[in-house]
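Please examine the structure shown below before reading on. The paragraphs that follow explain its strands and its surface patches in turn.

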Amino acid sequence: MKLKIAIMSILTAIFANAASIDYLSNNSASYFQNPSQTGQISVEGVFYNPAGTAFLDDGTYINANLQNSLIEESMTLKGKKFKSDRYAGAPSFNLLHKKDNYSLFGNLSVIAGGATLRYKSGVAGIELAGETFNNLTGGRLGATVVKSRFTGQNRYYQLMLGGAYKINDNFSMSGGVKYVYAHRKLDGEAQYGYNSRVGAAIGLSKNYLTMNSKRDAKGIGAVIGFDYKPTDTLNFAVKYETPVKLKFKSKAEENNKMLFRGRSLGISFFYPEYADGVHSRRDLPGVLALGVSKDIDKWTLSSGYTHYFNKAAKMDRFKYNDGYEINFGVDYKINDKFTWHAGFNYADTGAKRESFSDVEYAINSQIYATGLTYKPTESSEWKFGIAHVNYNSSNGKREQTSLPGIHIDKSKVKYDKNINVFTLGYTHKF
């Protein structure tokens, strides 16, 4: 006789990230034309180089962007691939007023997170959990996956307001505050078939497990920046974003659990931060960005470095090293109406292999981008960009669970992602 049970020891949602663990750098169409934006002076600088906006021409600017991504995230275990193919659209908006020596601005965007992912055939953690229980009985339990379905979402929305002041012809500084609203969601179910007699012998009972959990948080941070323009063709910029303390509170429905050796096992047992009413910290880390750009005839060369202070931030139960990004780019002014762009970004997320799971796997990546800017009039500008985000697939690491003697061997799982992006942006000056 077989009973249906759910074993969920490494289960929740996977989130698509452009570069760092949570943060998204792709805040405008310009980024997916040329990721090296920190050292440049532009309307999109409201996000990348706010101090540089004090060097723009006087006027009021409205900028709108839409990043359209085709995303495949996958986990491969013993030749079986678990994947989610999704489309994600991430809008962003910048409003800027520049007059004389000062500028005032605002940014509304998705600052962190990624697409809503749906794994219709489950995730690798379910297979590993069944394998783990099979190993306890020398394979006699015969646990097999009968059904699995999971959906996850992770989005952080930002509203940032600030201003910049040009102290002299060469130097400016900026300051601002940002409000972040964060939402994380897990919805899933799973079933196994197994030999009930063997299950009873090892203390395994109950037959179904589900969870629908939502975690919400809000926080406030600050942004400061400096821009130094020693000549008309050379520019340096610095931006620092303070950490944002985010204390999540979960609201969950978890009506189905299982029992193992008299111990209740639900999804919240393995992921306590998703249990109903639980408060837990998952902060956005502090970020330091440095950039430089140089005009040479019709060319603009640019480079940048971004550092994520992950070690100092509290991120659920996970520990990370600091992460960083380094990028290079070129812009070529074809004529008064068209400019061509291209660039490259390398990201080291700082995530350790032991942090890889169905919850998340922040693997390193490279972004290859190119695009065109079309300026039909002095007051309007269109941006088009395409990019490929290549991720360095990696295996996880064997992990000891909270149950004595029971391990989950994530080293058998290869984690991978693949993202292609088309982006569109428009700026109008009044």
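Two strands are said to pair if DSSP finds at least two bridges between them. Strands (E, at least two residues) and helices (H or I, at least four) are DSSP runs, numbered from the N terminus. This is a predicted model, in which local features need pLDDT of at least 70 and side-chain atom pairs count only at pLDDT 80 or more, while totals for chains, interfaces and linings use all residues. Residues are numbered from 1 along each chain as its sequence is written, and side-chain values use heavy atoms, with hydrogens and water left out.

Glu72 illustrates both pairings: its bridge partner in E3 is Asp85, and its bridge partner in E24 is Asn418. Between E2 and E3 lie two residues, and the two strands form a hairpin. In the turn, Lys78 has a positive phi of about 50°.

A further set of strands forms an open sheet. Its three strands follow the order E8-E12-E13, with antiparallel pairing. Strand E8 (204-205) and strand E13 (263-265) each have a single partner strand and stand at the edges, so one side of each has no neighbour in the sheet. Strand E12 (residues 258-260) pairs with E13 over three bridges, and Met258 stands opposite Leu265 of E13.

The surface may be considered next. Patches are made of residues with over 30% relative accessible area and no salt bridge; like charges are joined within 9 Å, and nonpolar side chains (Val, Leu, Ile, Met, Phe, Trp, Tyr) within 5 Å. A salt bridge is a side-chain nitrogen of Lys or Arg within 4 Å of a carboxyl oxygen of Asp or Glu. Accessible areas come from the Shrake-Rupley method with a 1.4 Å probe, and for residues only the protein chains shown count as cover.

One nonpolar patch, which includes Tyr102, Leu104, Ile224 and Phe328, has about 1,000 Å² of accessible area in total. Strands E4 (102-113), E9 (209-231) and E17 (323-333) each supply at least two of its residues. Leu104 lies in E4 and is partly exposed, with a relative accessible area of 48%; buried means under 20%, exposed over 50%, and partly exposed in between.

Lys245, Lys247, Lys314 and Lys319 form a positive surface patch. Lys and Arg count as positive and Asp and Glu as negative, whereas His and the chain ends are not counted. The place of a charge is taken as NZ of Lys, CZ of Arg, CG of Asp or CD of Glu. Lys247 lies in strand E11 (residues 247-256) and is exposed, at 51% relative accessible area.

Methods
Buried means under 20% relative accessible area, exposed over 50%, partly exposed in between (1.4 Å probe, protein chains only).
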